[in-house]
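Here is a walk through one protein model, with an eye on side chains and what they touch. Have the structure open as you read.

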Amino acid sequence: MEYRCVQCGFGIRTLYVQYSPGNIRLMRCENCKAVADEYIECEIMIIAIDLILQKPKAYRNLLCNVLRPEIVNFEGSLWKLCVGFLLLDAYRSLLLRKSNEEWGSSFSLSSLVLVDVVVGNLMFLLAFFVATRTLCNTSLTVSRCKDLLLAMLVSSYFKIFLFAMMVWEFPPSVVYIIDLYVLSSNSIALRVRTGSALNHCIAACFTAHAVKFLAPELLTFRS
């Protein structure tokens, strides 16, 4: 599995040559002639800032050059990210439901949150893979689905800012602002992993998020 140039996404065999401890030379991309991955010499805070600014090259560094099966425990990382994602999604649903429900109906509230998390995310994954296959013209093998799922989970990192609502009293509308940022971040990550046009990636992610939002509402409305 090749590394990727963070500038153009072209495959490269190695990112740097190490002559001695602390003495390395960054390799240049054969396609764009730029340094293949300048983030190797950057502090983690620089990478985090570029991820927040949604720079595609930061996502290429993280998804293509850092989170690799030979470097990290891929399966373990995927499960941990899934658990964290579901917990954050449950907290998001709880915030929205408690703004509309009575505090006394705890059993009903818990049931609605469970429906939101389980049904919503199952529909999200189904819609996401179908939309990616259709709009981005991407083949969906098992390994490919794992790569795309990892990209979606990692690029949903902004959900962690929901915890700020435990300290400061923000209106519920802030949750939807975070959702929009996650949608944008998911689109950039999908573009990096598939190489498709940005408008196709936005359409695929928007479709998945719309299905995730509407499916629990339709179920609770019918009941």
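## Aromatic pairs

Let's start with a rule: rings of Phe, Tyr and Trp (its six-membered ring) pair if their centres lie within 6.5 Å, with planes under 30 degrees apart called stacked, over 60 edge-to-face and the rest tilted. This is a predicted model, so local features need pLDDT of at least 70 and side-chain atom pairs count only at pLDDT 80 or more, while totals for chains, interfaces and linings use all residues. Residues are numbered from 1 along each chain as its sequence is written, and side-chain values use heavy atoms, with hydrogens and water left out.

How many aromatic pairs does a search of the whole structure find? The count is 6. One of them joins Tyr-157 and Phe-158: the ring centres are 6.4 Å apart and the planes are at 80°, so this pair is edge-to-face. Phe-158 also pairs with Phe-161, and that pair is tilted, at 4.4 Å centre to centre and 40° between the planes. Ring pairs link Tyr-157, Phe-158 and Phe-161 with Tyr-181 into a cluster.

How open are these rings? For a residue, buried means under 20% relative accessible area, exposed means over 50%, and partly exposed is in between (1.4 Å probe, protein chains only). Phe-158 is buried at 17%, whereas Tyr-157 is partly exposed at 24% and Phe-161 is partly exposed at 39%.

## A nonpolar patch on the surface

Phe-161 turns up again in a nonpolar surface patch, together with Ile-160, Phe-163, Met-166, Val-167, Trp-168 and Phe-170. Patches are made of residues with over 30% relative accessible area and no salt bridge; like charges are joined within 9 Å, and nonpolar side chains (Val, Leu, Ile, Met, Phe, Trp, Tyr) within 5 Å. Together the patch residues have about 770 Å² of accessible area, by the Shrake-Rupley method with a 1.4 Å probe, where only the protein chains shown count as cover for residues.

Take Val-167 from that group. Val-167 is in the loop between helix H5 (142-154) and helix H6 (173-194); helices (H or I, at least four residues) and strands (E, at least two) are DSSP runs, numbered from the N terminus. At 61% relative accessibility, Val-167 is exposed.

## Salt bridges

The next rule is for charged partners: a salt bridge is a side-chain nitrogen of Lys or Arg within 4 Å of a carboxyl oxygen of Asp or Glu. There are 7 salt bridges by that rule. Glu-38 and Lys-57 make one of them, at 3.2 Å from N to O. This pair links distant parts of the chain, 19 residues apart: Glu-38 is in the loop between strand S4 (23-26) and helix H1 (44-52), and Lys-57 is in helix H2 (residues 56-66). Glu-38 is partly exposed at 23%, and Lys-57 is partly exposed at 24%.

Which residue does Lys-212 bridge to, with the closest N and O atoms 2.8 Å apart? That partner is Asp-89. Lys-212 lies in helix H7 (residues 198-222) and Asp-89 in helix H3 (residues 74-98), so the bridge ties together parts that are 123 residues apart in sequence. Both Lys-212 and Asp-89 are buried. Lys-159 joins these two in a network of salt bridges. Another bridge has Asp-147 and Arg-193 with their closest N and O atoms 3.5 Å apart. Asp-147 is in helix H5 and Arg-193 in helix H6, so that bridge ties together parts 46 residues apart in sequence. Arg-193 is buried, at 12%.

## Charges over rings

A charge sits over a ring if NZ of Lys or CZ of Arg is within 6 Å of the ring centre and within 35 degrees of the ring normal. Lys-212 is back here, lying over the face of Phe-124 at 5.5 Å from the ring centre. Arg-68 has its charged end over the ring of Tyr-3, 4.0 Å from the centre.

## Cysteines and a buried glycine

How many disulfides does the structure hold, taking a disulfide as a pair of cysteine sulfur atoms within 2.5 Å? The number is 0. For Cys-8, the nearest cysteine sulfur belongs to Cys-29 and is 3.6 Å away. Cys-8 is partly exposed at 31%, and Cys-42 is partly exposed at 30%.

Last stop: Gly-120, in helix H4 (residues 106-135). Gly-120 is buried, with a relative accessible area of 0%. Gly-120 and Ala-208 are 88 residues apart in sequence and 9.8 Å apart in space, C-alpha to C-alpha.

Key. A disulfide is a pair of cysteine sulfur atoms within 2.5 Å.
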